Amino acid sequence: MNAPLRPLDNYSLNDRYTRTHGRVFLTGTQALVRVALDQARRDRAAGLNTGGLISGYRGSPLGGLDLELWRLRDRLTEGRIEFLPAVNEDLAATAILGSQQVETEPGAQVQGVFGLWYGKGPGVDRAGDALKHGNAYGASPHGGVLVVAGDDHGCVSSSMPHQSDVAFMAWFMPVLNPASVAEFLPFGEWGYALSRFSGMWVGFKAISDVVESGMSVDLPADRVFARPDFTPPATGLHYRWPDLPGFQIEERMEAKKRAVMAFAEANPIDARIHDLPRARFGFVTTGKAHLDLMEALRLLGLGRDECARLGIDIYKVGMVWPLARRGALDFVAGKEEILVIEEKRGIIESQLKEYFYDWDGDKPRLMVGKNDEAGQRLIPWTGELSPRQLLPIVARRLDRLFPGEGFPARAASVLGVQAKVLNIPGATRTPYFCSGCPHNSSTKVPEGSKALAGIGCHFMASWMNRETTSLIQMGGEGVNWAASSRFTGKGHVFQNLGEGTWYHSGSMAIRQAIAAGANITYKILYNDAVAMTGGQPVDGPVSVQAIAAICRAEGVVRIALVSDDIGKFRRADFPAGTSFHDRAQMDAVQRDLRAVPGVSVLIYEQTCATEKRRRRKRGKLADPQKFVVINELVCEGCGDCSKESNCLSVEPIETEFGPKRRINQSNCNKDYSCVKGFCPSFVTVEGAPRLKPQPKAQTQIEGALASLPEPDLPMLDRPYSLLVTGVGGTGVVTVGALISMAAYLEGRWASVLDFTGFAQKFGPVLSFLRLAPSPDDISQVRIDAASADALIGCDLVVSTAPKASACLRPGTKAVVTLSEMPTGDIVLNRDASLQIPARLKALETAIAGRASAIDAGRLAEMLLGDAVYANMIMLGLAWQQGLVPVSLAALDRAIDLNGVQPDMNRRALALGRLAAVNPGLLAEAAGARPKVQTLEELIARRAAVLAH
């Protein structure tokens, strides 16, 4: 049944920042930017002449924050907000400290400066000393500081999981834990008000599941804060000078904590969800764990009315440390049992136990959390929580007080629908160097040598049979070798180091290696962009010449420069003795350097391939009129071209003459390394444009597109979970972005969570979409195990991998592409297979039904001239089959708002719809695959070819 059409919101992308009431659609990154913009707006409305300073260092899950800030440069300027990209996290914290000093300066041009520091979990650790000092010295009365920690609880894109709460506590810094993007705005407002009142810097958790998601948001009204009943000490709470080292800093910190508690009691940020006066059972939660609990309760049939009938209430903590004492003790008073549900370590639970001991009051009869009353593990502190993980725990605890309600049976019923987690033998989808990536050449080492990895794209060399091992924190590269080599007897090692990391902290590692007398060659990989997080420039004046000069000044005697265009460098710009080499000499140069005692440096210069592609599209870099093709009749499928180039654009292809290789012109970045293989099948074409394929049956296609029927769309009268899978770097996240925006435009509620991180480098991407008629129906943004209603599989390898298949269940509807997008395994092993038929069969077994399957990549290439439109074709196929509960008008408007090739994307969407209605017509238009031949036909065909 079709849902009734709704009028579309007259929405522009600027509305996400300019609207002050109503609804907008925000990602976590955009919400953080809006926190600062809203603070500037509120200050102006209050008659305050303030400025703002944002400083930090990028890193997933905050990898794109600087890109959004640069994009909004004019809007920031209007709000008198300065964005200062920092060299590293601790210097960013020091810059924020400086912003709080402005208010006491005689020549201040503003009344105060509100500061926002950002960094991922490892950056919080690194900046510890600076953040501790900043918090100890204090915020200014008209300034205030938010310290945004990008915590990766699930270790999705970090060297280890991070929970910054404990570090914040060590620095006496209050910690806010918003549960959703929608809470970023009121929590940011509250945090600045708290900081200004108490003089504290305020920690602000932005975990991956929240900050990397997007959702419909009801804009909150500006809050009027009550003045707490608190008398500050005579010396005040805020930043002052002089403030020489001494015990007064500790004493003032104690007073500031009391101010925090007073503010929290006067202006609560914690909330009773049902506010039942005589509840018997109470849950205490915070952040993402709160949403996990709410979804678990929904699955148990425990909505507001049922909770009221039984006497079950929920206390949602907004500030996890210090826990607002009065509100928490009032909530737990008189209850028979309290279950504290926190992801990671039990910070709230330990404070409650401390309060129970220290303060009089009506305590609950029992409180459990990380362990039960018998001391057995209950809520794990490792890994991540999920609703299905909580379901049996919650059911068992509730059954003790409400034995007649059958909660264990309800949980068992839900958990009885199990996912068939797939693990298909053969090639897998792992992140890999982009086509034409400089690291394809730069990370090779000579036979007999080894290399050490580090933070950056080059880390992927560690799974590419390149004798590359180890991982160390950012800025420690090679120092581990300086120590271990003293005890292992090994003479030499290469250390990969990106120029962004070198500027951030890696130069100090080189200094330490020199001081330690290590025998090591640093390969500084200069690709002119911070490629891993979106192609940002390095935060400072970095150049190949400057790196060479600084390394020489530090004491490096032997320096070599290697480039794919060595002729563009002037010898006079480099230290005396620097040698210059074309990248074809890379092996010989490395053999020379490994024989040099002590610390040597090889600077490998070649622009990031993805950045080259961006610049060519924007007209900032010439696009060479030269491309490479492989003559399939000559190619023997030996794979030497793949071995030489390590390039994903060199793809295997099945032809009537057997397995061959081809160049995928849609994603080739024109590095031309593939021609170095010893092969006569390569043909280089220069000075002529590529011809686009000419589809057959064009007239029939146009007629069919003009008469496409409208499908039956779901009513969306309950939460709907749609999983989109694909390959990083192919634009797959656009599918989720379009659907969620279309749902928003129709007045529905939607969220989208993209798991990317390293995945943007041709690795697996999962987009979790939740759509619902009201915001209360979307408890958490991630799709839990065995919970997906539908799958749009833009890559069958990712769709049948364990992480994606765990979301499927019998009854999940699915559309998938049969296109074979190469993986790193295929580059490394010429005989590796994606096992597409086996994967399709396994997928259909997992969903207990048929999956609608097309070769979207081939359709996109043959009908639109570029495989990049394959994902949009898949969206059209899914929509026509009733898997996407939004209107075509809303999708069309979302395509306009996206602003990238709207006409071509509409065409791709329409072709996908046609693939659902008349797949035979499109197959004919794209050209049929070679048919299976009899022996006689095969001999005749080959004889005819040879005769030519």
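## Terms and model

Helices here are DSSP runs (H or I, at least four residues), numbered from the N terminus. The model is predicted: local features need pLDDT of at least 70, side-chain atom pairs count only at pLDDT 80 or more, and totals for chains, interfaces and linings use all residues. Residues are numbered from 1 along each chain as its sequence is written, and side-chain values use heavy atoms, without hydrogens and water.

## Cavities

A cavity is a set of points on a 1 Å grid over the protein atoms alone, where a 1.4 Å probe fits but cannot get out. Lining residues have an atom within 4 Å of a point. A volume is the space filled by probe spheres set on the points, which are joined across faces, edges and corners.

The whole structure holds nine cavities of 30 Å³ or more.

## A helix pair

Helices H31 (residues 856-864) and H32 (residues 870-880) pack with their axes 8 Å apart, at an angle of about 110°. So H31 is roughly perpendicular to H32 (angles of 65 to 115 degrees). Axes are lines fitted to C-alpha atoms over the stretch in contact, and angles run from 0 to 180 degrees between N-to-C directions.

In contact (heavy atoms within 4.5 Å), Ala-856, Gly-857, Leu-859, Ala-860 and Leu-864 of H31 meet Ala-870, Ile-873 and Met-874 of H32.

Terms used: On a 1 Å grid over the protein atoms alone, a cavity is a set of points where a 1.4 Å probe fits but cannot get out, and a pocket is an open set with protein on both sides within 12 Å along at least five of seven lines; lining residues have an atom within 4 Å of a point. Helices (H or I, at least four residues) and strands (E, at least two) are DSSP runs, numbered from the N terminus. Angles under 35 degrees count as roughly parallel, over 145 as roughly antiparallel, 65 to 115 as roughly perpendicular and the rest as oblique.
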